[in-house]
Structures are given as structure tokens and as C-alpha cells.
Amino acid sequence: MTVHTRHGDASDGVTAEAVGGRLSRVDGPAKITGAAKYAVEQQLEGLAYAVLLESTIASGKVRAIDTTAAEAAPGVLKVLTPDTIISLRTASDWFGTPPPDKPYCPLAHDITFSGQHVAAVVAETFEQAVAAAALVKVSYDETPAIVDLSDGKAGDGIPIDAMTKEWGDAQAAFASAPVRVCAAYNTPREYQAPMEPHGLIARWEGDQLTVWEPSQWLDGMARTYAEWFGVSFENVRLVSPYIGGGFGSKALALSHGAVAACAAKMLGRPVRLVMTRQQTFTGYGGRAATRQTVALGADRDGRIQSIVHRGVNETSMDGMWVEPLGSVTSIMYATPNFSSKQNVVRVNSVVPGAMRAPGENPSAFGIESAIDELAYEVGIDPLEIRLRNYAEQDPHAKKAWSTRQLREAFAAGAERFGWARRAPEPRSMRDGNQLIGWGVAAGTYPVRRAYGEAIVRILSDGSVEVESSSIDMGQGTYTILAQTAAETVGVPADTVVVKLGDSRFPRAGVTGGSRLAGVMTGAVYKAATSALDQLIGLAISDPRSPFHALQANTLVVANGRIASPRGDGPDLSIAELLASIGRDHIEATGDTMPANSTAQDRYKNYTTIAMSLPHTEGDYSRYSWCAHFIEVRVDEDFGTVRVSRVVSALDSGRLYNPKLAESQWKGGIIMGIGQALLEEGIVDRRHGRIVNNNLADYLVPTNADIPDIEVISVGIPDLHSSVLGGKGVGELAIVGVAPAIANAVFHATGKRVRDLPITLEKLI
Amino acid sequence: MRDFSYLRATSVDAAREAAALPGAMLLAGGTTLIDLAKCGVTEPDTLVDITHLTGLDRIEVNERGATIGALARMGHVADHADIKSRFPAVSEALWQAASAQIRNMATMGGNLMQRTRCPYFRDPSNFPACNKRQPGSGCSAIGGVTRGHAVLGTSEACIAMYPGDLAVALVAFDAVVHLGERRVSVDDFFLLPGTTPDREHAIELGEMITAIEIPGTAAARRSTYLKIRDRQSYEFAAASAAVGIEFEADGRTIRDLRVALGGVATKPWRARAVEDALKGKVLEPETVRAASLLAVEGAVDHGANHYKIELAPRVVARAILKLGETA
């Protein structure tokens, strides 16, 4: 077996600046020095400040809102309530489904969750707005709430037929299997908790709206704002140059944005509104709480004969969120019989939302815990049982994998981790009071594909400019697009300027589902190729060009200079060439849309997710893969779990920049450690309210919780997945971390924890 | 906008006089006060800034003990060589508290005035009932989310946990708070909630903490602070123990023992029953584990915090045994 390990350093023959090189983040210096201006840091003339008021009950109606005292408070410009805010139109959803013809009010009369926006105060200063908000008196008529999935009133929920996946006769095969394991696995509400809270500045100039807002999807959000206010898409400009973390939470225009834009329109002034940290726990949704039962039937050699899977996730009273819990269950292992079904239960909470690897993440916690249980049941090494049930093709789609380097990932990770030295029995490894456990789990994420467009300009000084309305929330878009343009045109990367985060630039779909790098490198590659072709064409054909007399078929551009491939003739800088032919720039637009696409197709592609290409389109099934090997130390007296070692081997196909990919993988693994051990939105059942709605009480890992993490790339270029051969990076690595840790905890302690997070009281 | 006045005190007497004004509060590092003001829990009319007073940040250590000025920063005290050598539990409690940034701002006097992390106490707009904030309004925590609440020293009026680390070490070693001329033991300085949970400290209007004095003892010199928590740093204790030990000449028989608990009680909790059970005994693991169970005598849980009753004795035992190993 060949293990493909690309380090991306000189040993691979790739320079840092080329695609595949370890170029450091080009936006790094601006962020470190504070020069990078985030959305709400814009200084605008006449800026007013809005603060939100939230419901303090989980279910009922607003009886009255007394704004008298607040309106009389110093500096107050406006108090917005459901009765006084201007009426908006309902916008389409993210599939572009035409909305019902009814008004939309971002402030609620009917309360369906605690923390719902009920009013807003706008004042000359932030402090005045905060002080006045405290004077607004809201009274309610409260009705009983369904607080969470375990509420007796919650019921079984709504079956989601589209989630049903079945083949063979799973129930019968499970019933007759020689070995059976069946258990329930639960994950709590989890929150994206980006460092930069949600907020925006909205400014109207006539019927033109400009919104400075951190965004994972400028064009989608612009569409929503346009539909709310009944203006054309072109009249809305979203600006989002830098984003302080999104993790799925910044892809949609949300009610707080509508409130700010309404306030700006009503006042005729730009308005800034930033959520408090507490409000970020209820102003939009985190990951839905989930419950799954996984039943595995197997023969005595551990070969799976049947998987029966049932899942439930919570959604809100008036919104629909489906967290696809059978997504990993149905593809990770070969099985002749399979059944997965899912229900969704309405509770009084904000509608849950996307959080790093929605679906795959909790799904993997179920199946990757269950197969570990099966391994102990049949007495087979947890790594061996995974290889024994290796899916040679997509068991659900019945198609060949485009690439699946999972076997290579298991091999490389196990080798580096030293898995062969593992003592099989639980509680068999210790260091003083510390029980040591080693766990393994796999992860996967589908290759989500879409179309993108970009402009590449070669400027008179020989530098190159790239423009796209896609965004960089820390994952490295600025950097990899600079590398792509530099390599394609043949200029140094530091002469490429990438401009992102403005909806006036060529359009891009959502930065979500780990699709952006594959989409945008493809678009920039096309645009840059086209610009290069123009440049060479002009150099050959323009009578004023020093190359004109050469009668060459082509020319080469490297390191910013243009010459003939044979080395004869002139050798000019790009700037000199452009000067000689009297051009101040060359510009090309490139996109990856099908050639016959209409303007309507393009609009739909960039402003909805309806045009995304299925990952099982055509002959192949496309996924990224990973294997995590994790060591934990559990204090046998205290029950505290600390992760002491992580080795993860990952297949994201070709890496455009290994340094940035490794950073994203490590970020995912760290987030997975938080999910496994710390993160849980805790509901006060009497009030239906999250009480740990702040970063002191909702714990995410600190540096001290994170050991050295070793990541190994085992990917190979996958041209079925993207133009340049990459697969998804950003979401992959979190998938499988929590079960690897739970499996390691079982190995350490002999206790199987099936409810996340694994806190100390579950082990003492 | 809520206005308040700001005074910069020029002397301790001036500070005390200003602090006696209605609605006045002393401001030192500000790490608690400004946080609570943002939560809407404290609404001072006047802030009396004492950070410019001179001579209140001294750390003096000699054979008799340590005297630490009220304005000494937590970070400085944690790193002080003589504190580390003569009062290791105090240094360890400090450096395991909060974050480096907070320790560099927060003062020793201010630390003693740190208030509970009870989420109901800290969220007045959603939870109006809180006897600590509003005497007689009730307790929102009882019957609610109680994983972080106290199991010792609670009352029907309040189950809020005392969150600090430093004072746990101080109470173990009979430290004394200097309120100008008046001296109060740290144990007496912190009050049980009883029926008046709004009153947390034995400090009178017009008084100000000027120093903390820790008697030098052999037990303080051989001491440790063991803090068990959900995450490895920047987190309050699930349970903690400050322990100091002095052996007889045989190196095995316990002459003096100090045990105090954090993370489990409504105030820094001295566990004298454990001390009394082990004094004069030879240090043996089984004896220590059995005696450590006395640390949670009388504990009452509220469901989700039951684990603290299991955990605290184990923390005490581990800390005592760890000190024994170094004998």
C-alpha cells in the first residue's frame, strides 16, 4: 500500500507561492496589526446605534410594550416594536422557494422561544441605547413551553421522509444476526461561538441599501435584504471584507439584520446593531440537539449484516431545521441491509442552524461509537473491524468513490500513533492515577460543488488583481486565490492583490459545506488562464509588440516576465510589454457555469443553494475522508478527561495550500475536542432558556486543553471533485473527533458515555 | 444613559470616607466590578478609584508570616519567590485562578470581594428573583440549573457558590484581613448566606481592605492547592482543596493539618473535621481517604451538583497524599 504524504515543502518540489505551496496567510499582517477593518468598525457620518430587546418567556404573546420612559431617555431616536417597525415582505428561503405572500416582521408579537427579538432602541450613542433599552417594559401572556427533546409534551415529532434510506431487509437481518449491539447516542445544543459577534451597519441612500456585515454569503444575504424591502437585487450591496469566524452561523440574513436595516430606513441614518454575546446564543441557531439509536447486527467475525438507525433532531416551533443524522451511517461501512429514518421535533427554541459539518458531525458520533461497541462485543481491534467492513463503493448510491483514501488514512494514522502497541482490554493502560485510553474513529464529508466566477486583471505595473464576492473567514481564501492567479499567470504571489467581500464583485455562492476553495480556485484558474491567453495573444499579434517579429506560436510567462519558450528573442517584464502595446490593463472574467447558462441560472446559482451539484452526480460518489487516533488521560478519582495526543490522517484530495489546510484541520479537531468534553447549551427547564449563554459558562477549549495535534495528508488529486483536484477541507476534521474521544474514554475506563459532552460527573 | 461619578482617592482615609457615601463603591482592578456593571448587577453612583494609593501593593514576607497589601496584583503575588517557597498553596491558588490577563489586573483585596458566578445572580433581566441581589425576592437557582452551585453552607434563601481560589488557601492558614485597624479572620470575613445572602462580607460601611496577613507556619510551608475543573485553565473549580501539613520528627505522623475546600460551598470552607480526624495519625492512604469523607459532612445537593459531594473528598485525599509523598 502506498501512503501518499505531501508535506508541501521543498521536498515535494513545490514553491510556497505555487498552488500546493505553504504560503502564509496574505491577510495575516493586516489582522495582526489591526489594519484589517471588520464590518461594524466602519466609521460613518451620522451613525446611530441600535440595541435589541429579547423575550424573557419561551412561549406566549406580547401583551404590551411600554416605551414611554425609553422614548423620553436622553439621545433616543426611536423605539421599534412590532407595531411601529415598518412592514417587510417575506423573503424566499435558501433554495429560492417563492415565499408566501405575507408581511414579515423581525420583531415578534407571538413568542416561540426565550430570547426572541421583541423590540429595539435606537439612540445617538451605544450607551444611550443600552440605558434606554433597560427602560422598555414588556409584558407577556405566557403559555406552557416545550423546552427540549426530553420534554414530555414534545412527542415523536414529524417524520422527514426525504431522510429515509433503506435497502435489503434491515429489521429482519438485525433480528437474526449472531451478534447485536444497539444503543442510543445523544448530542446537546452546541453553539458556533465565533469570536466576532453578529452585527451590522445598514445605510440607505434613496432606494440603495448598503450593509456592512460579516457574511459567509454576500449574494444570498443581498437577495434576502432585497426581497424583504422590495428593492432589486442590484440595489443592495453587502460588504464583508473580513469575518471573525462563522462556522456556519453567518450565511443567512437574520432578523437582527432586518431590524437594523428597518431602523436605518425609518431614521434616514446609518444604523449599527451588534448582538451582545448573550444574544448570540438565541439570536440565531446553533447545532440542533440530536438523539440517535444505532443497531448493528453482525456475524461473529464482526462483519456487519444490518444497520438500523433512527434519528431525531429538534427544530423550532415555526422553522424547519433537519440535521441529517443518517448521512455518515449510510456510507461509512458496507452492509447488505440498511434502514435509516429521521424525525424532527418542534420545541420552543430558535430555529437551529448550520454548525461545522451539520449532519455528518452528530451522525458520525452515532455510527463511530456503535462500531466501537461492536468491536468489543466480538473481540476485534477497533481499527481492524473498520477495515473488515470497509466500503469499497458508496453503499447507498451504489457508485464508485471518486477517491477514497480512508484505508491509507487508517494506515498512516495508526503507524504514526503507534496503534499496534495498544493493549486491547479497557483499563489496561495507566500512569499513576491517570487511566490511559486510545480510541479511533473515522470521519467524512461530502464534496459539495457549485459554480463561481471571478475577474482577473493584469495591470500596467505587471501586478495582478483578482476580484470575487466570495469571502475569507480565516480559512485562507485571499491566500489560495493569490496562489492560483500567481501560478496560472506566471507572476510572484506577492504581486497579486485579491479583493473579496463585496457583492459588487463577480458573484459567488455560499461559503459553506467546504465548497469555496474548490469552486473559487476553479473560477480564478479559468479567468487567469483567459487573461494569460489574451496577454500572450497580444504579445504575438500586436504590431507594436517586441515579440511580433518573432512569429512565435506561443510565449511563456514566468516570474512576471514574458519570453519565448526557446529563449530566443526579447525577455520583457509584463509591465514593459503592456507599455509597448499601449495597454493599461488586461481583464478577463472566468466562471465555471455551464456554457449555455442564462442570466436567471446565474442569479439562482449565486443567491440560492438550489443549483449545487449533487456529490453523487454522474458515475462517482465524492467525499473527503479522515481517521482520528486519539489518546486520553482520565483521572480515575476525578473523572476529568484530558486529550493528550491526536494523530489524524485526512484525505481532502489535492491541497491548494497545505499550511492553511492543516490549520483548518487542526481547528476542526480542536472544535471536536470541545464538543466531546465541554460544549453544551444548558436549558433551565422552568423557563425554556439557555442559562450558560456566555463564554464563561459555555466552555470551549483553552490552549491548555489542546495537546500537540499531528495531521497527515493522505489525499491524491481528485479531478472528479474540482477543477484543480481538491476536495473539502473545512468541515471534514471535526467529524469523528467526538466518537474517537468517547471510544478512547471507554478504553481508558470501561465506561461508555453516549451523551455528549463527556463531563466528569459521568465518569466518577 | 446612567451617569456615575468617578473619584480618585488620594489617601486611605479619603477613600474610606468616599466609599461611605450612598451608592459608592471602591474600584481597584475592576475585573469584577465592571463585569457586574455590564451585567446590570451593580449600578454604582460613585466609583472611588483606589489604584493610585501608594504603599498598598507591598508584599512583605518574614519568619512570622506574610503581609500582602490590598492593591498587590494577583499575578505579582503568585510569582513572588517568598510566597512560592513559604506559602505554595497561596501561589498555586492564584496562578490557577482566572486568566493571565485578569491576574495582571485584579488585586488581592478585590479578589476577596469577588462575587458568585451563579448565572441567575448575573442575569437580572431574565431572572428578577435573587435574594442576593434583591433581598426577599426569592432564589431562581433552587429548582433550576444547579450544576455549579454549592453543596455546603447553603440556605433556603441562597445556594450560590463562592467561586474564588485564593481565599480557600487563606482560610486554611488562618489568614487575617486588615480593614484599616480592625482585623478579621478570613473565615469570619466571609459570611454564610443564611437569611441574608445579600450580605457576603463582614465589612462595614466606610471600611476598606488594606492588607491580608498570613501567619507563617510549617503547614503553610508544606502546602498545595489542587483544583479540579472541567477545562484545564480559565475555569472555576468543580472542587478544589487547599491543604497544608506538618509532620512529627518521624516524617509520617501528622502534627498539624490544614484543609479548606473551594468550588463546593457558599464561602471558602474550612474542613476542620478532616483536620481533627487525621492529626496525630500516621499518614496512610486508607486513613486519609476515610477521613476526607468528613469534608462534606452535612452537604446537601440540588440534583445536578451531587457530583461535588463525591468529588470533594477525593480532591482532599489526593492533595493530602500528594503532600505526604514529598515527606
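Tutor: Residues are numbered from 1 along each chain as its sequence is written, while chains are lettered from A and ligands numbered from 1 in the order in which they are written. Since the model is predicted, local features need pLDDT of at least 70 and side-chain atom pairs count only at pLDDT 80 or more, whereas totals for chains, interfaces and linings use all residues.

Student: What is the average pLDDT of chain A?

Tutor: The pLDDT is the predictor's confidence in each residue, from 0 to 100. Chain A averages 96, and 98% of the residues score at least 70. Over residues 1–11 of chain A, however, the pLDDT is below 50. Beyond near neighbours in sequence, this stretch has 27 contacts in the model; two residues are in contact if their C-beta atoms, placed from the backbone, lie within 7 Å.

Student: How do you know whether the radius of gyration of chain A agrees with that of a compact globule?

Tutor: The radius of gyration is taken over C-alpha atoms, and the globule rule is 2.2 Å times the number of residues to the power 0.38. For 764 residues the rule gives a value near 27 Å; chain A has 27 Å, so the two agree. Along its principal axes, the C-alpha trace of chain A spans about 80 × 75 × 50 Å.

Student: Why is Y234(B) called buried?

Tutor: A residue is buried if 20 or more other C-beta atoms lie within 10 Å of its own, exposed if 12 or fewer, and partly exposed in between, with C-beta atoms placed from the backbone. Y234(B) has 20 other C-beta atoms within 10 Å, and therefore counts as buried. This residue also has a positive phi of about 55° although it is not a glycine. Its place is the loop between β9 (223–228) and β10 (239–247) of chain B.

Student: What makes N559(A) exposed or buried?

Tutor: N559(A) has 11 C-beta neighbours inside 10 Å, so it counts as exposed. It too is not a glycine, yet has a positive phi, of about 50°. N559(A) lies in the loop between β25 (556–558) and β26 (561–563) of chain A.

Student: How is K659(A) classed, with 17 C-beta neighbours inside 10 Å?

Tutor: The number 17 places K659(A) in the partly exposed class. K659(A) belongs to helix α14 (residues 658–677) of chain A. From C-alpha to C-alpha, K659(A) and L23(A) are 7.2 Å apart in space, although 636 residues separate them in sequence.

Student: What makes strand β16 of chain A largely enclosed by the rest of the structure?

Tutor: Helices (H or I, at least four residues) and strands (E, at least two) are DSSP runs, numbered from the N terminus. Strand β16 (residues 290–298) of chain A has nine residues, and eight of these are buried, so it is largely enclosed. For chain A as a whole, 58% of the 764 residues count as buried.

Student: How do you know which strands pair with β16(A)?

Tutor: Two strands pair if DSSP finds at least two bridges between them. Strand β11 (residues 179–187) of chain A pairs with β16(A) over nine bridges, in the antiparallel sense; there, N186(A) stands opposite R291(A). Nine bridges also join β16(A) to strand β17 (residues 304–315) of chain A, again antiparallel, and A298(A) stands opposite I304(A). The hairpin of β16(A) and β17(A) has five residues between the strands, and in it G302(A) takes a positive phi near 85°.

Student: Why are β20 and β34 of chain A said to stand at the edges?

Tutor: The open sheet concerned has five strands in the order β20-β21-β30-β31-β34 (chain A), with mixed pairing. β20 (430–431) and β34 (709–713) each have a single partner strand, so one side of each is left without a neighbour in the sheet. The strand β20(A) is joined by two bridges to β21 (residues 434–446) of chain A, and the two run antiparallel. One of the bridge partners is L435(A) in β21(A), which stands with R430(A).

Student: How many residues does each chain bring to the contact between chains A and B?

Tutor: Chain A brings 27 residues and chain B 21 residues.
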